[in-house]
Amino acid sequence: PTGDPSIHQSDMTVEFPRPWYRAEKNRKRQWRWSESDADIVLHNPYAVPMEIEIRGEWTAQTDRTARLTQQGEILWEETVNLSPREWRLTGIRLEPGENRLRVESDDSNTVANAGDSRRLAVCLLEFSIKGRLLDPADP
């Protein structure tokens, strides 16, 4: 890319493979539940590394500690519950090709409610990404 070095989510491929459930939405929001610990797969389509900022909100049916890791390094860790908790992470480096962020929690999944038999761990709401390409000489 030339000109504007900024990258937006539409410039990348982001996947939520099982055990993520399909995205759900209403008029105001979009969200996605995981059944258990799960990966978010980010594809950097460029031949150079990029640095991204990700943001969103987390919730869970029951109190639990949730964490987001990259190659075993904890990027974010907080207690989550039914009240949405906003979060934002900056400075995440993505190498060219596939990169994985791991979502984990310290509790087992639970049945949502009487009308929903899915087993749920954590919920990610309003996930968004922006970033920039890095100079290949940057470590």
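An open sheet of 5 strands runs in the order E2-E5-E10-E7-E8, with antiparallel pairing. Strands here are DSSP runs of E, at least two residues long, numbered from the N terminus. Two strands pair if DSSP finds at least two bridges between them. From one strand to the next, the twist averages 15°. That angle lies between N-to-C directions, on a scale from 0 to 180 degrees, with axes fitted as lines to C-alpha atoms.

The model is predicted: local features need pLDDT of at least 70, side-chain atom pairs count only at pLDDT 80 or more, and totals for chains, interfaces and linings use all residues. Residues are numbered from 1 along each chain as its sequence is written, and side-chain values use heavy atoms, with hydrogens and water left out.

| Strand pair | Bridges | Example of bridge partners |
|---|---|---|
| E7 and E10 | 4 bridges | Leu 68 and Val 103 |
| E7 and E8 | 7 bridges | Ala 66 and Glu 78 |

E7 spans residues 64-70, and E10 spans residues 97-105. The hairpin of E7 and E8 has 2 residues between the strands. There, Gln 71 takes a positive phi near 50°.

Val 103 lies in strand E10. Its relative accessible area is 2%, so Val 103 is buried (buried is under 20%, exposed over 50%, partly exposed in between, with a 1.4 Å probe and protein chains only). Beyond its neighbours within four places in sequence, Val 103 is in contact with Trp 20, Asp 37, Ala 38, Ile 40, Trp 58, Arg 67, Leu 68 and Val 122. Contact means heavy atoms within 4.5 Å. Asp 39 is 64 residues away along the chain, yet its C-alpha atom is 6.0 Å from that of Val 103.

The largest pocket holds about 220 Å³ of space. A pocket is an open set of points on a 1 Å grid over the protein atoms alone, with protein on both sides within 12 Å along at least five of seven lines; lining residues have an atom within 4 Å of a point. The volume is the space filled by probe spheres set on the points, which are joined across faces, edges and corners. E8, strand E9 (85-94) and E10 each supply at least two lining residues. The lining includes Gln 70, Gln 71, Glu 73, Arg 93 and Arg 100. By class, it has 2 nonpolar, 4 polar and 5 charged residues. Asp, Glu, Lys and Arg count as charged; Ala, Val, Leu, Ile, Met, Phe, Trp, Tyr, Cys and Pro as nonpolar; the others, Gly among them, as polar.

How values were computed:
1 Å grid on protein atoms, 1.4 Å probe; cavity = no way out; pocket = protein on both sides within 12 Å on 5 of 7 lines; lining within 4 Å.
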